[in-house]
Amino acid sequence: MPAPLMRIDTPDTLPAQADVVIVGAGIVGVCSAYYLARRGLKVALLEKGLIGAEQSSRNWGWCRQQNRDMRELPMATRSLALWDGLEQEIGVGFRRCGLLYLSDDEAEIAAWARWCDFAAGQGVTSHALGAAEASARGQATGKAWKGGVFSPSDGVADPSIAAPSVARAVQALGGHVLQNCAVRGLELSAGRISAVVTERGVIRTTTVVLAAGAWASSFCRQYGVRFPQASIRSSILSVSRVDGIPDALHTARASITSRGAAGHTLAISGRAKVDPTGQMLRFAPSFLPMFLKRHRALSPGGLEALRCGHETLRHWALDRETPMERLRILDPRPDSRQIADTLERARALLPGLRNSQVTGVWAGYIDSTPDGVPAIGSTKVPGFILAAGFSGHGFGIGPGAGELVADIVTGTEPALNARGCDPARFSQGTWGKVAEF
């Protein structure tokens, strides 16, 4: 019972040349391609497997400003406006249903209230809830709550259709979209990109955007670009539809997202497995602060990531099969204990779910950076732009990230201040504090 995903048809022909080649067709890759194609550039969007088949279809679908780190908040706000546009232009299952957080932890409630004060200064509407209002909004739980927060302008989009729908829009704009076409590497002339080498042939280009999710760090390593990244394995499930359940609810016990007739997605926020790999050991000192901060939610995993090969330290040849061709889609095994615990917690939290049926169980690798903030910007290789390491936030801020990539590629003054996302911070050792969210 994998994560649901709409499949689309794409041609098998490889263009001889493109203004920009985008590697990876998750939500960040397709949005980058979409906003570049709208500006009239000739775009080639290449995906080793299926459009949106990895984390872009395996997430909760939340598009939120609530509790965003200050470095990501402007992009989150901009993304919500872009989600509105994508829904009107394309149809991506987006709706501003509001996000509800409930808690009995007074320290947590106080922290949320402080965030609401901060957000108000940024033009973001988010309401701190007292006990009476929190309990009223959370009446489906059948219990009283000490407090909470509600963000009325936040919402959800449908991960099963969002990336494929945007990819089809790229095709309609004249862009080349190819599935089952792995990019093996880059050709350089005088130190600058001159072509992309794929398993099907070569595309001449001077600009490449790497939006490869959990595969990005090992690809960067091929060209001496240091990008510390760790993939965290998260397991979630879906259950059949029950009326009266909040559209998007977070508590310490469980988080629930309603998907209309498709039912509800259930998860435990932050709970995940850390599967050891050679790359993780290599970057362990960089990730130590994050692991210490989240030690209660993260637990040691197994050999799943080693078998997948997306965090390999080896270098590969451009004329031979690469790890991306040996594993087209990262589809890790869900943690059965976590799935059972999530279901039990969600049913205890929301009595209405007790008779719901499990309709899907899946896992995904969340590409994380040491500070929890993505890397978006140019690298030391001229023409090579990185857009990865979204640390579990990529779906919600995908449109804003794609627009920012389009600004960088076209030399347009970015609408967003992206200094906090500069990939250079990792090579300079200045990536700063772990994000708060």
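Q: Which residues is L14 in contact with, leaving aside its neighbours within four places in sequence?
A: L14 is in contact with L178, C181, T198, R200, G201, V202 and I203, where contact means heavy atoms within 4.5 Å. This is a predicted model, with local features needing pLDDT of at least 70 and side-chain atom pairs counting only at pLDDT 80 or more, while totals for chains, interfaces and linings use all residues. Residues are numbered from 1 along each chain as its sequence is written, and side-chain values use heavy atoms, with hydrogens and water left out.

Q: Why does L14 count as partly exposed?
A: Its relative accessibility is 23%. Buried means under 20% relative accessible area, exposed over 50%, and partly exposed in between (1.4 Å probe, protein chains only), so L14 gets the partly exposed label. L14 sits in the segment before β1 (20-23); strands here are DSSP runs of E with at least two residues, helices are H or I runs of at least four, and both are numbered from the N terminus.

Q: Why does E72 count as buried?
A: E72 has 2% relative accessibility, so it counts as buried. You'll find E72 in the loop between β3 (62-63) and α3 (73-89). Not counting residues up to four places away in sequence, E72 touches G372, V373, P374, H393 and I397.

Q: What makes a polar contact with the side chain of E72?
A: The side chain of R68 does, at 3.4 Å. The term needs a pair of N or O atoms within 3.5 Å; within protein, one must be able to donate a hydrogen and the other to accept it, and residues adjacent in sequence count only if both atoms are side-chain atoms.

Q: Why are α3 and α13 called roughly perpendicular?
A: Their axes come within 7 Å and cross at roughly 90°. Axes are lines fitted to C-alpha atoms, for helices over the stretch in contact, and angles run from 0 to 180 degrees between N-to-C directions. Under 35 degrees is roughly parallel, over 145 roughly antiparallel, 65 to 115 roughly perpendicular and the rest oblique, so α3 and α13 are roughly perpendicular to each other.

Q: What makes α1 oblique to α13?
A: The axes of α1 (residues 27-38) and α13 (residues 394-410) come within 7 Å and cross at roughly 40°. That angle makes α1 oblique to α13.
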